[in-house]
Amino acid sequence: MSIRLGDIAPDFTAETTQGSIRFHEWKGNSWAVLFSHPKDFTPVCTTELGHVAKIKKEFEKRNCKVIGLSVDPLGAHVEWSRDIADTQGAAPNFPMIADADQKVAKLYDMIHPNASDTFTVRSVFVIGPDKKVKLTITYPASTGRNFDELIRVIDSLQLTANYSVATPADWKDGEDVIIANAVSDDDAKAKFPKGWDAKKPYLRVTPQPNK
Ligand code: BEZ
């Protein structure tokens, strides 16, 4: 099943390295990142999981839980965690789904048969407090993800969920934003008291409103 932006993220039960979970219940009202790994004991995945463990506090600051998935059994995840600690200086400190029967991988369309019949691709789903999918990204197995980009997108998603703005190319938290086109100039006067620079009628740039 393909999952599109705005869909409710499918619920599931799964065994994880932190016990059995029901996904929606585990997520609660937080944001969540669900990300898949092609296989245990593989090099790129090893670096990714160690890296996410080290920056987990960045997700926590954003009220965002993190959960990984690999289509291997729990025992393999536990053994691999020791290797991740050995080589990356941090073991996964978030649950890793043991999806040996590919139940969750299939539910989230993480297996792309023309890439591999058996491995999952590197899928990322960002899910909002309303359980809706806010972002999907798919990387191939050979390319490790850029988690700074993921944090950047979460900042944008959280900002644009609360203010009538959009964020421009390469935007980072604290930089100027764009007033949503649905907001009239009259309404913008109240919503954006710091004013704006109208580079074009459809391109009104304003300081980030929550800074
Ligand atoms: C890796 O994580 O290094 C990897 C996994 C599957 C295929 C290719 C690379």
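Trainee: How many bridges join strand E10 to strand E11?
Mentor: Three bridges join E10 (residues 197–200) and E11 (residues 203–206), and the two run antiparallel. Strands pair if DSSP finds at least two bridges between them. Strands (E, at least two residues) and helices (H or I, at least four) are DSSP runs, numbered from the N terminus.
Trainee: What are we looking at here?
Mentor: This is a predicted model, where local features need pLDDT of at least 70 and side-chain atom pairs pLDDT 80 or more, while totals for chains, interfaces and linings use all residues. Residues are numbered from 1 along each chain as its sequence is written, and side-chain values use heavy atoms, with hydrogens and water left out.
Trainee: Back to the strands. How many residues sit between E10 and E11?
Mentor: Two, and the strands form a hairpin. Look at alanine 198: its opposite in E11 is arginine 204.
Trainee: New topic. How far does helix H6 reach?
Mentor: H6 covers residues 147–162, which is 16 residues. From first C-alpha to last it reaches 23 Å, close to the expected 22 Å. That expected span is 1.5 Å times one less than the number of residues.
Trainee: Which residues of H6 are buried?
Mentor: Among them are Phe147, Leu150, Ile151, Ile154 and Asp155. Buried means under 20% relative accessible area, exposed over 50%, partly exposed in between (1.4 Å probe, protein chains only).
Trainee: And what happens at the start of H6?
Mentor: A side-chain oxygen of asparagine 146 comes within 3.0 Å of the backbone nitrogen of aspartate 148.
Trainee: What lines the largest cavity?
Mentor: Val124, Ile137, Tyr139, Arg145, Asn146, Phe147, Glu149 and Leu150. Strand E7 (133–139) and H6 each give two or more residues. The largest share, three residues, comes from H6.
Trainee: Where is arginine 145 found?
Mentor: In the loop between E7 and H6. Arginine 145 is buried, with a relative accessible area of 9%.
Trainee: What does the side chain of arginine 145 reach?
Mentor: The backbone oxygen of serine 36, at 2.8 Å. The backbone oxygen of serine 123 also lies 3.0 Å from a polar atom of that side chain. Polar contacts are N or O pairs within 3.5 Å; within protein, one atom must be able to donate a hydrogen and the other to accept it, and residues adjacent in sequence count only if both atoms are side-chain atoms.

Conventions. 1 Å grid on protein atoms, 1.4 Å probe; cavity = no way out; pocket = protein on both sides within 12 Å on 5 of 7 lines; lining within 4 Å.
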